Amino acid sequence: MSLPAMIATERLRLPLLDAAVVADLRAGARRPQFHPDFPRPDDLDAISMWREGDPWSVRAIVRGVTALGTIGFFGAPEPADDDVPETEVGFGLVDEAQGWGFATEALTALLDHVDALGVRVRARTRPENARSLRVLAKTGFTALRGADDDGHLVMARSLP
């Protein structure tokens with residue numbers, strides 16, 4: 001099971017992060033293509049799970065030439081209790097990029113590729129995070145699996 005290293009939409013590119021970018025992010029180095037508010041603390045958490053060359057790893061959300069956030073999986077799919085391969089997705093954008101449909105567009109593009117591989121996806125979000133809940137609802141996350149130990153809602157998306 002594999003995903004392309006670059007996924008593109010009408011307005012966005014979702015490239016896998018490479019070692020040089022990850023090293024700069026970890027070191028706090030600024031690149032001209034980083035939005036002034038990128039990386040956010042959640043982006044830095046995401047790169048802690050980065051694995052070089054792994055198509056299930058962290059990607060940048062890029063509009064034009066500007067990195068606005070990150071999206072990616074918490075690991076390669078593994079069989080769930082019903083033997084359907086499943087993985088977890090996470091995403092986030094700088095505040096200025098929210099409300100423009102970029103998260104929905106990025107997640108939809110990523111899910112299109114995952115659907116073709118027969119992988120079910122779950123996500124976690126805080127119950128008060130209305131924007132994330134809206135993105136998840138728009139992209140088909142309808143099954144509520146309860147809450148995790150940290151109080152995040154766990155949502156799942158059925159395969160088409």
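Trainee: What should I know before I start?

Mentor: This is a predicted model, where local features need pLDDT of at least 70, side-chain atom pairs count only at pLDDT 80 or more, and totals for chains, interfaces and linings use all residues. Residues are numbered from 1 along each chain as its sequence is written, and side-chain values use heavy atoms, with hydrogens and water left out.

Trainee: How many helices and strands does the protein have?

Mentor: Helices (H or I, at least four residues) and strands (E, at least two) are DSSP runs, numbered from the N terminus. Here you get four helices and nine strands, in the order β-β-α-α-β-β-β-β-α-β-α-β-β.

Trainee: What share of the residues is buried?

Mentor: Buried means under 20% relative accessible area, exposed over 50%, partly exposed in between (1.4 Å probe, protein chains only). In this protein, buried residues make up 45% of the 160.

Trainee: Let's zoom in. Is S57 buried or exposed?

Mentor: S57 sits in the loop between helix 2 (41-47) and strand 3 (58-63). Its relative accessibility is 1%, so S57 counts as buried.

Trainee: Which residues does S57 touch?

Mentor: A contact means heavy atoms within 4.5 Å. Leaving out residues up to four places away in sequence, S57 touches L16, M49, W50, R51, I71, G72 and F73. With R51, the side chain of S57 reaches the backbone nitrogen at 3.0 Å.

Trainee: And contacts across the whole chain?

Mentor: Of the contacts in the protein with a separation of 6 or more, 60% are between residues 24 or more positions apart.

Key:
A polar contact is a pair of N or O atoms within 3.5 Å; within protein, one must be able to donate a hydrogen and the other to accept it, and residues adjacent in sequence count only if both atoms are side-chain atoms.
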